[in-house]
Amino acid sequence: MGKVYDVLDEKLAAWIERQHLFFVGTAPLAADGHINVSPKGGLRWLRILGPGEVAYLDVVGSGAETIAHARENGRIVIMFCAFEGPPRIVRLHGRATVLLPGEPGFDPLLAHFDPPEHGLRSVIRVEVDRIADSCGYGVPLMRYEGTRKQQEAWLDKRVREGTLDDYVVEKNARSIDGLPAIEQPYRASPAPARDRG
């Protein structure tokens with residue numbers, strides 16, 4: 001059934017890179033705090049950096065729970081499910097670090113990605129301390145049809161209107177439990193121009 005792995009080896013990394021969706025789970029330290037699980041589409045925004053390290057791009061959204069929880073206590077789990085082919089679930093437990101634009105280490109980490117044109121809020125780096133899979137028999141078979149376009153269109157509209165920074169200040173400053181997330185003042189900067197030649 002389940003297996004615990006010492007490292008993210010080539011075979012496991014290749015399986016992860018074939019998935020279309022992953023989930024991020026975090027929680028505050030407070031016993032009455034709200035646990036958060038967030039779906040993340042697009043493995044193009046996740047990178048396996050080494051045998052025990054991954055990172056993913058964090059884009060502006062309706063909340064900032066992962067950032068707030070990671071800053072408070074660092075605990076995180078990233079989960080992948082096979083919706084096609086043989087059933088399988090893989091969980092990466094670890095410690096998360098949030099890197100914001102302009103902070104030391106952000107640019108070298110960003111160089112591993114092809115970032116979105118707008119809305120990049122942070123890079124979440126995870127030092128993985130437990131890698132395990134399980135059967136996944138309860139996960140239904142589903143067919144991948146493509147990427148939704150609404151998020152990109154919403155971000156483009158906010159950028160055109162000049163309201164993205166205001167949105168982040170209003171919606172991403174604190175978690176739903178009041179933990180600090182995005183510090184003020186916030187300035188949404190477009191991803192740096194990259195040489196695509």
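Two residues are in contact if they have heavy atoms within 4.5 Å of each other. On that basis, among contacts in the protein chain between residues at least 6 apart in sequence, 70% join residues at least 24 apart. The model is predicted. Its chain has 197 residues, of which 44% are buried.

**Overall architecture**

- The protein chain contains five helices and eight strands, and their order along the sequence is β-α-β-β-β-β-α-β-β-α-β-α-α.
- The chain is as compact as a globular protein of its length, because its radius of gyration of 17 Å is close to the 16 Å that the globule rule gives for 197 residues.
- The C-alpha trace spans about 50 × 50 × 30 Å along its principal axes.

**Aromatic pairs and a charge over a ring**

- The whole structure holds three aromatic pairs.
- One of them joins Phe 22 and Tyr 56 in an edge-to-face arrangement, with 5.5 Å from centre to centre and 70 degrees between the planes.
- Phe 22 belongs to strand 2 (residues 21–26) and Tyr 56 to strand 5 (residues 53–59), so this pair ties together parts that are 34 residues apart in sequence.
- Both partners are buried: Phe 22 has a relative accessibility of 2%, and Tyr 56 has a relative accessible area of 0%.
- Phe 22 also pairs with Phe 80; the ring centres are 5.9 Å apart and the planes stand at 35 degrees, so the pair is tilted.
- This second pair links distant parts of the chain, since Phe 22 lies in strand 2 and Phe 80 in strand 6 (residues 75–81), 58 residues apart.
- Phe 80, like Phe 22, is buried.
- Through ring pairs, Phe 22, Tyr 56 and Phe 80 are linked into a cluster.
- Elsewhere, Arg 88 lies over the face of Trp 15, at 5.1 Å from the ring centre.

**Helix 1**

- Helix 1 (residues 10–17) has four named buried residues: Leu 12, Ala 13, Trp 15 and Ile 16.
- These residues cover an arc of only 160 degrees around the axis, which puts them on the same side of helix 1.
- In an α-helix with 3.6 residues a turn, residues three or four places apart point the same way.
- The buried residues of helix 1 are covered by elements that include strand 1 (3–5), strand 4 (46–50), strand 6, strand 7 (89–99) and strand 8 (120–134).
- The face turned away from the buried side of helix 1 carries the exposed residues Glu 10, Lys 11 and Glu 17.
- Glu 17 has a relative accessibility of 55%, and therefore counts as exposed.
- The C-alpha atoms of Glu 17 and Asp 177 are 33 Å apart in space, and the two residues are 160 residues apart in sequence.

**Helix 5**

- The buried residues in helix 5 (residues 164–171) include Leu 164, Asp 165, Tyr 167 and Val 168.
- Viewed down the axis of helix 5, its buried residues fall within an arc of 160 degrees, so they line one face of the helix.
- Helix 4 (150–161) is included in what covers the buried residues of helix 5.
- Asp 166 and Glu 170 are exposed residues on the face of helix 5 turned away from its buried side.

**Val 123 and its surroundings**

- Val 123 is located in strand 8, and its relative accessibility of 0% means that it counts as buried.
- Leaving aside residues up to four places away in sequence, Val 123 touches Ala 55, Tyr 56, Leu 57, Thr 97, Val 98, Leu 99, Phe 106, Leu 109, Leu 110 and Phe 113.
- Tyr 56, one of the residues that Val 123 touches, is also part of the cluster with Phe 22 and Phe 80.
- Val 123 and Ile 67 are 56 residues apart along the chain, and 9.7 Å separates their C-alpha atoms.

Conventions. Residues are numbered from 1 along each chain as its sequence is written. This is a predicted model: local features need pLDDT of at least 70, side-chain atom pairs count only at pLDDT 80 or more; totals for chains, interfaces and linings use all residues. Side-chain values use heavy atoms; hydrogens and water are left out. Rings of Phe, Tyr and Trp (its six-membered ring) pair if their centres lie within 6.5 Å; planes under 30 degrees apart count as stacked, over 60 as edge-to-face and the rest as tilted. Helices (H or I, at least four residues) and strands (E, at least two) are DSSP runs, numbered from the N terminus. Buried means under 20% relative accessible area, exposed over 50%, partly exposed in between (1.4 Å probe, protein chains only). A charge sits over a ring if NZ of Lys or CZ of Arg is within 6 Å of the ring centre and within 35 degrees of the ring normal. The radius of gyration is taken over C-alpha atoms; the globule rule is 2.2 Å times the number of residues to the power 0.38. The arc is that of the directions from the helix axis to the C-beta atoms.
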